[in-house]
Amino acid sequence: MRQFIDLGSGLPTADNVHQVAQQHDPASRVVYVDTDPQVLVHGRALLEENEGTRIVPVDVREPERIRTHPDTRKLIEFDRPVAVIFSAILHHVNDDEDPAAIVRYWRDHVPSGSYFFISHFRSGNNPETAEAEKVLQETFGRGRWRSDEEIAALLDGLELLDPGIVPAPLWRPDAVDSPFTGDGGRELTVWERLIAAGLARKP
Ligand SMILES: C[S@@+](CC[C@H](N)C(=O)[O-])C[C@H]1O[C@@H](n2cnc3c(N)ncnc32)[C@H](O)[C@@H]1O
């Protein structure tokens, strides 16, 4: 993948998407999308490092405005595969705002061979996580945690790659030196099971 749209990109951190992608190919292009004023200030200072990255200040619930934004049009060629990243963003979108329609919009506007990454707070594990869910929803005044099945349903029409929607540390745990697999692998803690991750491909 050489072009990425990172929706709800958040505060810059170590190994931001363009830094990882451009290590592999300096020509990789990344559009970061967020609306939080703090994120935008830090993003403009730290993420717009070169001509291959821009931060687009548009609400993720308005995908058409994101896709047609001049910076997006400059960086992303929509006739070539795109990686669309929904990392810890769709749990901020209420059911009545139709998060599946947001994913569907991008699915319908990128070509075959595009990839969709999702990570999302998981609901219904146990009383401790139900408490965390309640606190977060009260803090933000919005959003919804979802079951793995509901998260998978957001990727309708896409081919969900192995191992499916799973707790994030179990997504390809063999790719890193994982403490959760093999002989002596330990159980995930409640907190390690809090976020699900998955990757899908547009057929
Ligand atoms: C939990 S952070 C995730 C950051 C990063 N993607 C990650 O995985 O670490 C969610 C981000 O989404 C942004 N956000 C929340 N609702 C949004 C919306 N409707 N439109 C655009 N950005 C939004 C917030 O400002 C925040 O930076």
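In strand 3, Val-56 is the bridge partner of Val-33. That pair is a handy place to start a walk through this predicted model.

**Around strand 3**

Strand 2 (residues 29-33) and strand 3 run parallel and are joined by four bridges. Between which elements does helix 2 sit in a β-α-β unit? Strand 2, helix 2 (residues 37-46) and strand 3 make up that unit, and it is right-handed.

Now look at the side chains of strand 3 (residues 53-56): Thr-53 and Ile-55 point one way, while Arg-54 and Val-56 point the other way. Are the residues of strand 3 buried or exposed? All four named here, Thr-53, Arg-54, Ile-55 and Val-56, are buried.

Five of its seven residues are buried, so strand 8 is largely enclosed by the rest of the structure.

| Strand | Direction relative to strand 8 | Bridges |
|---|---|---|
| Strand 5 (residues 115-121) | antiparallel | seven bridges |
| Strand 6 (residues 159-160) | antiparallel | two bridges |
| Strand 7 (residues 166-167) | antiparallel | two bridges |

Which residues of strand 8 face these partners? Gly-198 in strand 8 stands opposite Ile-118. Ala-200 in strand 8 has Leu-160 standing opposite, and Ala-196 in strand 8 is the bridge partner of Pro-167.

**Helix 6**

Why does helix 6 lie largely in the open? Of its 14 residues, the number buried is one, so helix 6 lies largely in the open. From its first C-alpha to its last, helix 6 reaches 20 Å, close to the 20 Å expected at 1.5 Å a residue.

**The ligand's surroundings**

How many residues surround the ligand? There are 14, and the closest are Gly-8, Gly-10, Asp-36, Ser-87 and Ala-88. Sorted by class, the shell around the ligand holds four nonpolar, six polar and four charged residues.

**Looking back**

To recap, strand 3 pairs with strand 2 in the parallel sense, whereas strand 8 runs antiparallel to strand 5. Strand 8 is largely enclosed, and helix 6 lies largely in the open.

Terms used
Residues numbered from 1 in each chain as written. Predicted model: local features only at pLDDT ≥ 70, side-chain atom pairs only at ≥ 80, totals over all residues. Near = placed C-beta within 6 Å. Nonpolar A, V, L, I, M, F, W, Y, C, P; charged D, E, K, R; others polar. Expected span 1.5 Å × (residues − 1). Buried ≥ 20, exposed ≤ 12 C-beta atoms within 10 Å, placed from the backbone. Pairing = 2+ DSSP bridges. Right-handed = clockwise from strand over helix to strand, strands pointing away.
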